[in-house]
Amino acid sequence: MLPVDTSSYDYTNLKTLNEDAKLKSDMYGVWDLDMHDGDYINVTGNASLFNACVIAIMTRYNELKMPLYNGFGCRVHELIKDNQTKMFLYKLELSIREVLEKMRRIRTVNEITITKSDVHEFTVGFSITSINDEIIRGSVSL
């Protein structure tokens with residue numbers, strides 16, 4: 001079992017936001033599990049919810065071939081190489097909003113911003129309110 005800081009605010013007060021292994025992004029926007037001394041780092045509360053948002057956005061729709069995950073993932077990856085019009089940006093935002101709104105731990109999706117980084121690369125910023133009324137902000141590179 002992963003070590004847990006049972007005295008942290010997230011663990012004691014935000015338990016409903018779940019626990020997860022911590023994710024980290026490198027300088028190229030590639031996400032992977034964060035490790036310390038050869039073991040995963042456990043996160044709870046807001047950090048766990050942020051992880052869940054990243055996983056939901058970065059997972060292609062129906063990529064996980066297990067009954068529990070039917071319909072899981074984001075359709076944004078199907079759109080990345082479409083013609084980049086204002087409608088394209090709107091479709092990206094709708095795809096991300098849809099996947100975040102499906103998450104039970106999220107009360108509201110406050111804001112989604114999409115910034116073009118390169119020809120087919122985008123940075124997605126998001127602000128959500130959790131079921132505990134905590135506001136969480138983050139970003140993901142696509």
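Q: In what order do the three strands of the open sheet lie?
A: The pairing here is antiparallel, and two strands pair if DSSP finds at least two bridges between them. This is a predicted model: local features need pLDDT of at least 70, side-chain atom pairs count only at pLDDT 80 or more, and totals for chains, interfaces and linings use all residues. Residues are numbered from 1 along each chain as its sequence is written, and side-chain values use heavy atoms, leaving out hydrogens and water. The strand order is S7-S8-S9.

Q: Which are the edge strands?
A: Strands are DSSP runs of E with at least two residues, and helices are runs of H or I with at least four, both numbered from the N terminus. An edge strand here pairs on one side only. That picks out S7 (106-118) and S9 (135-141).

Q: What does the twist average from one strand to the next?
A: Angles run from 0 to 180 degrees between N-to-C directions, using axes fitted to C-alpha atoms (for helices, over the stretch in contact). From each strand to the next, the twist averages 15°.

Q: How many bridges join S8 to S9?
A: S8 covers residues 121-130 and runs antiparallel to S9. Ile128 stands opposite Ile136 in S9. The number of bridges joining S8 and S9 is seven.

Q: Which strands does helix H4 touch as it packs on the sheet?
A: H2 also packs on the sheet, touching S7, S8 and S9, with its direction at about 35° to that of S9. H4 spans residues 86-101, and its direction makes about 145° with that of S7.

Q: Is Ser95 buried or exposed?
A: Ser95 is found in helix H4. Beyond its neighbours within four places in sequence, Ser95 contacts Cys74, Arg75, Val76 and Leu79. Buried means under 20% relative accessible area, exposed over 50%, and partly exposed in between (1.4 Å probe, protein chains only). Because its relative accessible area is 11%, Ser95 is buried.

Q: Which element gives the largest share of the lining of the largest pocket?
A: A pocket is an open set of points on a 1 Å grid over the protein atoms alone, where a 1.4 Å probe fits, with protein on both sides within 12 Å along at least five of seven lines; lining residues have an atom within 4 Å of a point. The largest pocket holds about 610 Å³ of space. Of its 18 lining residues, Tyr69, Phe72, Met103, Arg104 and Arg105 are closest to its centre. Four lining residues, the largest share, come from H2.

Note on methods:
Points joined across faces, edges and corners; volume = space filled by probe spheres on them. Contact = heavy atoms within 4.5 Å.
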